[in-house]
Amino acid sequence: MTPTNDYTITQFIDDARAVLEQHPDDREAVVAALSPLVERVLWDDGLFDEKYRASRENGRDRFLYHSAPDGSLQIYVVEFEPGKPTPVHDHVTWGLIGVCGGRQRTGRYERIDDGSDPQHAELRLVSDEVLERGAFYPLLPPNDIHRIETVGDSPSYSLHVLGVDLGRQKRNIFNVETGEVTAVDGRGM
Ligand SMILES: [Fe+2]
């Protein structure tokens, strides 16, 4: 699709709330309906308006656009500085992540054990790509495990649209070699 910035983050917030109301119990339908909207809003330069600048989390700057009081919808951008890759981690919710600036090497993993041990996981790398503005991917647990690393000397940025407030619940980081799983807090990755 041709990049355009005539669709704003403000419109996206309204549309995303409507989609959630239409599909209250169907996370796949929510992700499918939001996908073309995420693809469009990634080109809105208004994403970087200073009025949206929010607190740093996990050592990363953020821009916050929407935080539902009940935690059911969170929309923000995270800045990923060069040389500070994320660990392999999950999001414990449906969601969409889309790149809106810079170059973002993104490894996506699937869990190949049965998930029965909360402290141990066996993961398989399913894709490893350098994504640029306009690229996006879904998060649908258990297929929500990934790692982000900025490529080049400038920061990269990705929009996060998530169905829970990660400031209120634990999620996990994974050691791919040893299988160790560690619960962590925070919204910054
Ligand atoms: Fe993430």
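Modeller: Two strands are said to pair if DSSP finds at least two bridges between them. Helices (H or I, at least four residues) and strands (E, at least two) are themselves DSSP runs, numbered from the N terminus.

Colleague: What makes strand 2 and strand 3 a pair?
Modeller: Strand 2 and strand 3 are joined by 5 bridges and run antiparallel, and the criterion asks for at least two, so they pair. One of these bridges links Ser67 to Gln74 in strand 3.

Colleague: On what kind of model does this rest, and how are residues numbered?
Modeller: The model is predicted; local features need pLDDT of at least 70 and side-chain atom pairs count only at pLDDT 80 or more, while totals for chains, interfaces and linings use all residues. Residues are numbered from 1 along each chain as its sequence is written.

Colleague: What other strand does strand 3 pair with?
Modeller: Strand 3 also pairs with strand 10, in the antiparallel sense, over 7 bridges. Val77 has Leu159 of strand 10 as its bridge partner.

Colleague: Why is Gly71 called partly exposed?
Modeller: Gly71 has 16 other C-beta atoms within 10 Å, and is therefore partly exposed. This glycine lies in the loop between strand 2 and strand 3, a hairpin with 6 residues between the strands, where Gly71 takes a positive phi near 80°.

Colleague: Which residues does Gly71 touch beyond four places away in sequence?
Modeller: Gly71 touches Val164, Asp165 and Arg168, where contact requires C-beta atoms, placed from the backbone, within 7 Å. Gly71 and Asp165 are 94 residues apart in sequence, yet their C-alpha atoms are 4.8 Å apart.

Colleague: How do you know that the span of helix 1 is close to the expected one?
Modeller: The expected span is 1.5 Å times one less than the number of residues. Helix 1 (residues 9-22) has 14 residues and reaches 20 Å from first to last C-alpha, close to the 20 Å expected.

Colleague: Where do the buried residues of helix 1 lie?
Modeller: Those residues are Ile9, Phe12 and Ala16. The face turned away carries the exposed residues Asp14, Ala18, Glu21 and Gln22. The buried residues pack against helix 2 (27-41), strand 2 (60-67), strand 3 (74-80) and strand 10 (156-162).

Colleague: How are helix 1 and helix 2 oriented?
Modeller: Their axes come within 10 Å and cross at roughly 175°. That makes helix 1 roughly antiparallel to helix 2. Axes are lines fitted to C-alpha atoms, for helices over the stretch in contact, with angles from 0 to 180 degrees between N-to-C directions. Angles under 35 degrees count as roughly parallel, over 145 as roughly antiparallel, 65 to 115 as roughly perpendicular, and the rest as oblique.

Terms used:
Buried ≥ 20, exposed ≤ 12 C-beta atoms within 10 Å, placed from the backbone. Contact = placed C-beta atoms within 7 Å.
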